[in-house]
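Good morning, and thank you for making the time.

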Amino acid sequence: MKNTRIKVLAALVFAGLTSGLFADETPIPNLSSYKLNNGLELFVAENHAVPLVYIEIAVRAGGIAQTDETAGLFHLYEHLMFDGNKKYPTPQNIQNEFTNLGVASYNGSTTVDYVNYFFTIPADKLEEGLDFWNYAIRTPIINKTVLEKEKKVVLQEIKGQMNDVAHKSTEILGKTFFKESPWINNPGGTEESVKNATVKQLKDIQKQYYIPNNSALFVGGDVNPNQVYDLVNKIYGSWKPGKNPWENKRTQLNKAPLDSVQKFVIGYDQLSDQIAITDVYFRGPDAEFDRKDTYLADTLLFAASDPKSYFKTSLANISSLGIMDSEYCSIGYQTKRRSGLITVEAVMYAPNQFMPLRGQIFAEVIADALKGTLPVDSPLTDRSMQLLHKLMYNENLYEQETFVSLLSTVRFWWACADSDYYYNYNNNIKSTTAEDVNDFISRYIENQNPLIMILMNPEVLKECKAEFEAAGYEVIE
């Protein structure tokens, strides 16, 4: 009887060790996190509102991992994931399995800081869904036939983007701000590198980046977190880890890359001849090196985005700029691991009247407009900061409303920083002060050379081309 009791207790302890005791506490309600022995991270968002489960697997790769020779190859590799693998060797086999799983939609994406793949399926297909991504991520078919087929698809995508304004802008920003790594913010890559891609290069990418200790699973919906962990451990536990591709400390890309103001004007046939868009770019903070500054950037962005902010209203009131309305001024910043940029934009009317000069004036008044948003010498600023922190906290809560939104947010921070960045986000935002924010403006905007980029109707640009060239703008028609 005594021996039987000991065996039962031992079994219960073992069961606990293989499930719930492995969960790490998180400050996010209904979010559990785990880490397998091979380094694979697992995040589970429990939400029983509907009998569905969302499964995503992400890898830290993409633009951040590119070189001139491999620009676009992570995007190319993403396509291979849907061409076949050891269990489902053809695209048709994969489509048949999607039908079997009840997949309504699926996708993958290659971004600056990560590559991810995801779908939503009925909750009773959880194990089959985990098994599908296991084979897709670990055993994709990489051979010359598949490679040449996908090259054509990716090259067609690249060619289709060549005349796109967004592509032109990204190319300019990369070559200007990130000369050491010009393709870091362009995971789509180049024709040349994709044309020359080899099976060996893609297998090298698989070996170096597609490893468990550089990957994470995000599972949410009508699930039990401990059950998810047990299934993941069973299915993915044999995935062998590799050398961490990020373990060697890297030097930061140039924080002050512009020796002088850089000016460009681009013809954009989607724009009316009555308006122009002026974008002013500054080198921003990087999550890998300037973590505190990334919180300050978010605080500034949130404050300046208020429709009644001093930033918006003061710029709209400068009549010489010809900004349509305060609604047409904005500031943007997205946290990235190594390639942060700050963008300030305005839509201006009468593009055929002194636009080169107006673009320069706009760049010069941005710092004052931002500093006036949270002035350090105003008795109202402390109250404004408290309200701002509350609004940002509420915005963060809103992102946790659905399991897909929550997991997408966790994945974003996991990739561009780490999960702790997200867990501590509200506390770090709450600690920001107006003095900190204004110091940030001085360092990143007031005392840095910007890049000015004006987008305007091609016909209007032809009329003003000489004026732009005389003012030192590079004209891209």
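**Cysteines, sheets and cores**

Cys-464 is buried, with a relative accessible area of 4%. Here buried means under 20% relative accessible area, exposed means over 50%, and partly exposed lies in between, with a 1.4 Å probe and protein chains only. Before going on, please note that this is a predicted model, in which local features need pLDDT of at least 70 and side-chain atom pairs count only at pLDDT 80 or more, while totals for chains, interfaces and linings use all residues. Residues are numbered from 1 along each chain as its sequence is written, and side-chain values use heavy atoms, with hydrogens and water left out.

Cys-329 is also counted as buried, at 0% relative accessibility. How many disulfides does a search of the whole structure find? The search finds 0, a disulfide being a pair of cysteine sulfur atoms within 2.5 Å.

Let me turn to the sheets. Helices (H or I, at least four residues) and strands (E, at least two) are DSSP runs, numbered from the N terminus. Two strands pair if DSSP finds at least two bridges between them.

Strand E1 (residues 31-35) has 4 of its 5 residues buried, so it is largely enclosed by the rest of the structure. E1 runs antiparallel to strand E2 (residues 41-46), and 5 bridges join them; Ser-32 stands opposite Val-44 in E2. The two strands form a hairpin with 5 residues between them, and Gly-39 in the turn has a positive phi of about 100 degrees. On to the partner in the parallel sense: E2 pairs that way with strand E6 (residues 215-221), over 6 bridges, and Leu-42 stands opposite Leu-217 in E6.

Contact, throughout, means heavy atoms within 4.5 Å.

E3 and E5 pair in the antiparallel sense over 8 bridges, and the bridge partner of Tyr-54 is Thr-120 in E5. E4 and E5 are also antiparallel, over 5 bridges, and they form a hairpin with 4 residues between them. Thr-110 stands opposite Val-115 in E5.

Next, the cores. A nonpolar core is a set of buried Ala, Val, Leu, Ile, Met, Phe, Trp, Tyr and Cys residues joined through side-chain atoms within 4.5 Å. Which residues have the most contacts inside the largest nonpolar core? They are Ile-55, Tyr-117 and Tyr-236, in a core of 76 residues. Leaving aside its neighbours within four places in sequence, Ile-55 is in contact with residues including Tyr-117, Phe-118, Leu-130, Trp-133 and Leu-217. Apart from this core lies another, of 72 residues, among them Ile-28, Ala-276, Ala-369 and Ala-415.

Helix H10 (residues 291-304) has 11 of its 14 residues buried, so it is largely enclosed by the rest of the structure. Those buried residues include Asp-293, Tyr-295 and Asp-298.

Finally, two backbone values. Ala-350 and Phe-354 both lie in the loop between strand E10 (341-349) and helix H12 (355-371). Ala-350, although not a glycine, has a positive phi near 55 degrees, and Phe-354 has a positive phi of about 55 degrees, again without being a glycine. Are these residues buried or exposed? Ala-350 is buried, with a relative accessible area of 18%, whereas Phe-354 counts as exposed at 56%.
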